[in-house]
Amino acid sequence: MRLSQPLASAIFFFAFGALVLVTGRSLDMGTTAEMGTGYVPRLLAWGCLVVGALLAARAWWERRAPGEPVAFALRALVLVTAMVVAFGLLLPWLGLPVTVALTIVTTAVSGERYRWTPLLLIALGMAVLTTLLFSTALDLQIQVWPKWGG
Amino acid sequence: MGEIFSNLALGFSVALTLQNLMFCFIGVLLGTLIGVLPGIGPLATMSMLLPITFHLDPTGALIMLAGIFYGAQYGGSTTAILVNLPGEATSVVTALDGYQMARQGRAGAALATAALASFFAGCVATIVIAFAAPALSKVALLFGPAEFTALMVLGLIAAVVLAAGSVIASIGMVMVGVLLGLVGTDVTTGEQRFAFGVREIFDSIDFVVVAMGLFGLAEIISNLSERHSRTLPSGKIDRLWPTKEDFRLGTPAAVRGTALGCTLGVLPGGGALVSSFASYSLEKRLAKDPTRFGKGAIEGVAGPEAANNAGAQASFIPMLALGIPPNAVMALMIAAMTIHGVIPGPKFLAEQSPLFWGMVVSMWIGNLILVVLNLPLVGLWVRLLKIPYAYLFPMIVIFCCVGVYSVNYRLFDVFMMAGFGVFGYVLRRIGCEAAPLVLGFVLGPRLEEEFRRTLLLSDGSFTVFLTRPLSATLVGATVLLLVLMALPNFRKKREVAFKE
């Protein structure tokens, strides 16, 4: 069975509401006049469950014409996420310019059409530009040079 | 009246310092530069550029942010006209007739009309803000916790109803947003909630991380996965100035659009989006020959462009005077102001009048810079549009990474942004909008605080929302909106309005 949008969003709201209820179960409920830390979160979590139920009902109602099935572009998702994570992992070791250049070069696997010369130029340009903008112009405490042997 | 002039003079003295003029200019330029890139709307642009403004003084930062906002808005219109790729819903309307004009070789006239109409709307809206914001903030002094709670709920519901997408799912997204906003230290008791021992979110989840992930990264992922064919209108853009006939038809449309925008922008849930849609359908209805619309009618560009700029600026009024953002862009502005220690609301106008009036005047200056900057630079924007996405997206990703890291110097924020990027993309795919979430996220803590205070004062009785006349009116309006949404007839009309 393919997942329709209303059904997928219903599942999301159920899961989110349940997660809040479970992880927030130790929070103090209080009374309506003197609400504890758990009062409003529980109220909203139940709200999420209601929204989930309504969306599930709609999915059932529209089951004959489910519309566009939910699909993910995994390649783009993984690529962009990997770039950001790589940036975070490399920065403390390699410093800003090298990290920027390396991260940009990895986009060569994006599947988009590209040529090496401009890509390398962009990598170099961005490395210089971000360093100048953030480290020199805005004077932020960002590590610039690689940490050798660290 | 005299007070207004002395206030505006104060504003000019703040906005016209060399430093603030420069910030305004940089903001407009950067905003347009990023906003022009296809598929990147004002929300994404503003979230990406937020970190740059953090290290400036509050006045400069807010002036620059406002500049970024207009720039992004105008940049979006440029993209809509030239390549029919509206960055955000606000430019969808502009694309309808603007792109057709471009295909007829009148791209220059369309761009100039958009710029001039926006400038006109900006001038009027600035004056409206100067009058309305102080007046509204006086009304706000009558507000108690019950009124603020009711107003916030109305604003959130209205924002959902007046935006595209499924209403039920969007209301759900607001609640998810409020819940995410509650993560961290509880304002009232100082206790930790949903922090799971992660020290970086003990305070609360950083707004920049959420905005950059949900709007910046998620937008890039969506753009990467959908292959757009970008066809630039062939031929050079030589003739910029609109013809006499264009002026004759366009001017009244721009005036009507401005009036619509100034009115709709102030309402909860209002702003640029609703205003431009409303203006387009108004112009179509008023036109002698409605069939011209969708085929390059100048009114279809002048009206909505004036309306969206007026609406965008008018939505500053409730944000500044009440501290309540009517839409997601203003939520971003509020979050940015809060980071600088500036809390918008009735007190803000009274206590920080140089900052307030400086901002108002700089809005007008920003609009002026937009016109002066954009007409000569059209050629540059066209060239920018030709850059293939394969080269563009790594630059944007890197910019987000460095930007989010520079806010707190925490690698944790970079990873969390990646998480919110994935979250935002998944939300998009399952048909949930991220904008209501961000609105809820920003309003969440305050909403909870006012709600708790209301019921503390009323000793736990919910009738307090109905016995106070102001709050009862607001609750009534909310209920009315929800009832309207439940009516099949109204729902169909709303769907048609967004499809058009």
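This is a predicted model: local features need pLDDT of at least 70, side-chain atom pairs count only at pLDDT 80 or more; totals for chains, interfaces and linings use all residues.
Select Pro38(B) to begin: this residue is buried, with 21 other C-beta atoms within 10 Å, where buried means that 20 or more other C-beta atoms, placed from the backbone, lie within 10 Å of a residue's own. Pro38(B) sits in the loop between helix 2 (18-36) and helix 3 of chain B, helices here being DSSP runs of H or I with at least four residues, numbered from the N terminus.

Residues are numbered from 1 along each chain as its sequence is written, and chains are lettered from A and ligands numbered from 1 in the order in which they are written.

Next, select helix 3 (residues 42-54) and helix 4 (residues 58-83) of chain B, which pack at about 155 degrees with their axes 9 Å apart; axes are lines fitted to C-alpha atoms over the stretch in contact, and angles run from 0 to 180 degrees between N-to-C directions. The pair is therefore roughly antiparallel, a term for angles over 145 degrees, just as roughly parallel is for those under 35 degrees. Residues making the contact (C-beta atoms, placed from the backbone, within 7 Å) include Leu49(B) and Phe54(B) of helix 3 of chain B and Leu65(B) and Phe69(B) of helix 4 of chain B.

Keep helix 4 of chain B and bring in helix 2 of chain B: their axes come within 6 Å and cross at roughly 30 degrees, so these two helices are roughly parallel to each other.

Move on to helix 7 (residues 167-182) of chain B, whose 16 residues reach 23 Å from first C-alpha to last, close to the 22 Å expected at 1.5 Å a residue, that expectation being 1.5 Å times one less than the number of residues. Of the 16 residues, 15 are buried, so helix 7 of chain B is largely enclosed by the rest of the structure. Just after this helix, Gly184(B) takes a positive phi of about 105 degrees.

Finally, show both chains, and look at where 57 residues of chain A are in contact with 51 residues of chain B. On the side of chain A that touches chain B, the largest share, 11 residues, comes from helix 3 of chain A.

Conventions. Angles under 35 degrees count as roughly parallel, over 145 as roughly antiparallel, 65 to 115 as roughly perpendicular and the rest as oblique. Two residues are in contact if their C-beta atoms, placed from the backbone, lie within 7 Å. A residue is buried if 20 or more other C-beta atoms lie within 10 Å of its own, exposed if 12 or fewer, and partly exposed in between; C-beta atoms are placed from the backbone.
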